[in-house]
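Please look at the sequence and the 3D structure shown below.

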Amino acid sequence: MGALDGKLAIITGGSTGIGLAIAERYAIEGAEVVIAGRNKGRMDEALARIGHGARGVVTDVGDEAQVQRLIDSVPRVDLLVTCAGGAVFGPVETVPMSAWRALFNDRFFGQLSACRYAVPKMAEGSAIVLCSGIAGHAALANYAGGAGLCGAINAMGRSLAIELAPKGIRVNVLSPGLTRDTAIDWGVPASQVGAFLDTLASNVPMKRPGVPRDMADAAWFLATCAYATGMVLDVDGGWTAV
Ligand SMILES: NC(=O)c1ccc[n+]([C@@H]2O[C@H](COP(=O)([O-])OP(=O)(O)OC[C@H]3O[C@@H](n4cnc5c(N)ncnc54)[C@H](OP(=O)(O)O)[C@@H]3O)[C@@H](O)[C@H]2O)c1
């Protein structure tokens, strides 16, 4: 018996990094998992790793019609986890506005539209896990648009939590700290990413970056704790406690 037996979980961004770890964890706990991402090759590799009958729907979450098609492909939604999207880093005077707009389109409107189409298919007892990042409350340089985005997602999660509580739908936000072993483009050559993250992590109280499995542990809690709603859960090795 798994804690998520009989649950149908949609996980956007489930083909790499944090979303993949959550998909693996939910599948091991008994959920029927459907992942979404843009790249079919990456998705197929992820599905082979997740096993347990998981399936994928190629989806660009920045395109509302594709999000609607993803939700149309399932009979109901018990768990919705929205991890799809990347990051953009750089000084405010050099990052083009189009890059910040694209980031908002994928990560803010992508998550909002997933909720828009999934909620009518969610019964009492179901749950939504949005994904932001600690930049929503911890100041990070060279991430002005991303910080604003994370704050917006946190606010969206709290608003949806009180809106959907009467329907018995819980809404929480997973707010990852620095997390390694993901496909995020940190703006440094691939061979230097490990050292780059270790340097950043020297300021983290736990002195290490997180790993996707840490985020999956938190997403499991948010899927199963029946009294958790309206939370922004920072999983960051103590970064935001300092
Ligand atoms: N890693 C960190 O330190 C960190 C910290 C704070 C917050 N976060 C956030 O956590 C979330 C997961 O990130 P991650 O670290 O696991 O990065 P990742 O390994 O790059 O995973 C991102 C996932 O989203 C998918 N994706 C990207 N754009 C998409 C789109 N438009 N439509 C559908 N799928 C899309 C990617 O697959 P395809 O490319 O195939 O579409 C991939 O599966 C992101 O929102 C990220 O910004 C990460």
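The model is predicted. The protein chain contains seven helices and seven strands. Read from the N terminus, the order of these elements is β-α-β-α-β-α-β-α-β-α-β-α-α-β. The radius of gyration is 17 Å, close to the 18 Å that the globule rule gives for 242 residues, so the chain is as compact as a globular protein of that length. Along the principal axes, the C-alpha atoms fill a box of roughly 45 × 35 × 35 Å.

Of the 242 residues in the protein chain, 45% are buried. Consider next the contacts between residues at least 6 apart in sequence: 72% of them join residues at least 24 apart.

How do helix 3 and helix 4 cross, and at what angle? Their axes come within 9 Å and cross at roughly 40 degrees. An angle between 35 and 65 degrees counts as oblique, and helix 3 and helix 4 are therefore oblique to each other. Their crossing is right-handed. The table lists the residues that make the contact.

| Helix | Residue range | Residues in the contact |
|---|---|---|
| Helix 3 | residues 64-72 | Glu 64, Val 67, Gln 68, Ile 71 |
| Helix 4 | residues 97-118 | Gly 110, Ser 113, Ala 114, Tyr 117, Ala 118 |

Sorted by class, the contact of helix 3 with helix 4 has five nonpolar residues, three polar residues and one charged residue.

Key
Residues are numbered from 1 along each chain as its sequence is written. This is a predicted model: local features need pLDDT of at least 70, side-chain atom pairs count only at pLDDT 80 or more; totals for chains, interfaces and linings use all residues. Helices (H or I, at least four residues) and strands (E, at least two) are DSSP runs, numbered from the N terminus. The radius of gyration is taken over C-alpha atoms; the globule rule is 2.2 Å times the number of residues to the power 0.38. A residue is buried if 20 or more other C-beta atoms lie within 10 Å of its own, exposed if 12 or fewer, and partly exposed in between; C-beta atoms are placed from the backbone. Two residues are in contact if their C-beta atoms, placed from the backbone, lie within 7 Å. Axes are lines fitted to C-alpha atoms, for helices over the stretch in contact, and angles run from 0 to 180 degrees between N-to-C directions. Angles under 35 degrees count as roughly parallel, over 145 as roughly antiparallel, 65 to 115 as roughly perpendicular and the rest as oblique. A crossing is left-handed if the near helix is turned anticlockwise from the far one by less than a right angle, and right-handed if clockwise. Ala, Val, Leu, Ile, Met, Phe, Trp, Tyr, Cys and Pro count as nonpolar, Asp, Glu, Lys and Arg as charged, and the others, Gly among them, as polar.
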